[in-house]
Amino acid sequence: MLDFLTQLIWGKVLVAVLIALGLLLTITSRFVQFRYFGRMFRLVRRSMKESPDQINSFQALSLTLAGRVGAGNIAGVAIAIALGGPGAVLWMWLIGLIGMGLSFFECSLAQLFKRRDSDGSFRGGPAYYIHRGLGLKWLAVLFSVLLLVTFGFAFNALQAHTVASTLKHTFGIATPITGSVLVVFIGLIIFGGVRRIAEVAEVIVPIMVLAYFGIGLYVIGMNYHAAPATFLLIFKSAFALEPAFSGLIGTAIMMGVKQGMFSNEAGLGSAPNVSAAAKVGHPADQGIVQAFSVFMDTMVLCTCTAMIILMSNSLDLGGVLNGVELTQLALAKQMGELGRGLISLALMLFAFTSIIYNYYLGENSLRYLNSSNEKAVAIYRMFTLGLVMWGALQNLAAVFAFADITMGLLALVNLVALFMLLKVGLRLLRDYDEQIQSGVKSPVFDPDKFADLDIDHSAWTPSTRDESEEQNEELSVSPRVGAPVIPS
């Protein structure tokens, strides 16, 4: 029954809805993810220099990447190629490009409807824009429960299992030891609150991303002569022009699309929870930054794994090896046994950072459901540590199958909400475009222009807008970067 429901949701319904909505958002926004592609880098670079009293865009980006970059970048890509052939990579790229547009809208809306918490921090996400933007509190509650169960509970245990099993198989470390160490380190981080979680992610995530990117570049550099043929193989296989893979076109499309969705999480409604916590001058700024995180996950890191496998001639059609083993075998051909160890370490680090990301999603859901109950948050933190230890010691195949279904339902709720809020999202983008078109280097959000919406004006204080005005001198963008003004 679990397998049937998973295939129905992920294999048919969700794939169709996500692609259709992603294309709709991309076209109606006139390809916002491409129009502002260069601006992504400038916004990230600028936010790295900021040290505000709130989480900045770079910290939110790092924490989001902590969740997006996980086992899917190593094992998921390998399985997609093993079952769908090299052509699966092209479809993965296409869903990543569409996902950039989806992520822009969901994260911009999360910023628009965020709330200032009692401690001065910001809270937001799909539950908030479903509640405040659509007035559907019951649906917002359902979303929060699904998010808490999927990420806060199931995925925390699953990621702990990934770390423990990887260290046991590669280095022979007993799972109880791994579980105990994880509990200590995770506890030190999550009991420090969201600021500590963001600060840890800000340090660890760039290092792990750059390190894995470096491994990918090393393999490509060592096999540079084969790069043109490898890319040609991907394109020919995707359209059944390569005889060896002509029978896999349907599987290639399905595996590439599913891997793209699983890996970058665009449209699932997870990343907006983190995005809303950042202090920015305009909601669209954070949408642009989060579109960049999808690019880094799918177009960069997933591509690194694909190149490691394809350039090492390690293709395992039919998936005899599991995803991790296939990637380890491929890198071992390039770097010897060191390659196996590096893949295990990368997987361990990806899973560890995913745990702190998953914890934050669970806490955000809990605070939406009962914002004033600090005792409930403390109990949730202790429960998270218990789940981490339990996950390290148990085989969680049934839990993973159940979480697959709840994550699919979570995505469907979010995608329906995004469709219903399409006009609001385009209106927000139009406000951003108009400011860029008029020569403003760093657009400023004025909540009075959106007085008809249920926006927390205290989250957009004059001081926030003043800081954004000051940044206009620091961020140099040609007025032509923005598109022509869209008539209302």
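Which residues touch the most other members of the largest nonpolar core? In this predicted model, where local features need pLDDT of at least 70, side-chain atom pairs count only at pLDDT 80 or more, and totals for chains, interfaces and linings use all residues, they are Leu112, Tyr129 and Tyr212, within a core of 153 residues. Residues are numbered from 1 along each chain as its sequence is written, and side-chain values use heavy atoms, with hydrogens and water left out.

A nonpolar core is here a set of buried Ala, Val, Leu, Ile, Met, Phe, Trp, Tyr and Cys residues joined through side-chain atoms within 4.5 Å, where buried stands for under 20% relative accessible area, exposed for over 50% and partly exposed for what lies in between, using a 1.4 Å probe and protein chains only. The element that gives the most to this core is helix 14 (residues 283–311), with 19 residues; helices (H or I, at least four residues) and strands (E, at least two) are DSSP runs numbered from the N terminus. Tyrosine 212, once its neighbours within four places in sequence are left aside, is in contact (heavy atoms within 4.5 Å) with Asn73, Ile74, Leu301, Cys304, Thr305, Ile308, Thr327, Ile343, Ala346 and Phe350.

The protein has 20 helices and two strands, and buried residues make up 60% of its 488 residues. Among contacts with a separation of 6 or more, 83% are between residues 24 or more positions apart. The protein exposes about 18300 Å², of which carbon and sulfur atoms supply 66%, the accessible areas coming from the Shrake-Rupley method with a 1.4 Å probe and, for residues, with only the protein chains shown counting as cover.

Because 25 of its 33 residues are buried, helix 16 is largely enclosed by the rest of the structure. In helix 4 (residues 57–68), 12 of the 12 residues are buried, and among them are Gln59 and Arg68.

Helix 1 (residues 2–28) holds leucine 21, which is buried at a relative accessible area of 6%. Leucine 21 and leucine 418 are 397 residues apart in sequence, yet their C-alpha atoms are 8.5 Å apart in space. Not counting residues up to four places away in sequence, leucine 21 touches Leu102, Leu415, Leu418 and Phe419. In the loop between helix 1 and helix 2 (32–35) lies arginine 30, which has a positive phi of about 55 degrees although it is not a glycine. Most residues other than glycine have a negative phi.

On the surface, Phe171, Ile173, Ile177, Val181, Val184, Phe185, Leu188 and Leu345 form a nonpolar patch with about 710 Å² of accessible area together. Patches are made of residues with over 30% relative accessible area and no salt bridge, like charges being joined within 9 Å and nonpolar side chains (Val, Leu, Ile, Met, Phe, Trp, Tyr) within 5 Å. The largest share of this patch, five residues, comes from helix 9 (residues 175–190).

Aspartate 433 is buried, with a relative accessible area of 1%, and arginine 35 counts as buried at 17%. Arginine 39 pairs with aspartate 285 in another salt bridge, with 3.9 Å between the closest N and O atoms; arginine 39 is in helix 3 (residues 37–48) and aspartate 285 in helix 14, 246 residues apart. Both arginine 39 and aspartate 285 are buried.

How values were computed:
Salt bridge = Lys/Arg side-chain N within 4 Å of Asp/Glu carboxyl O.
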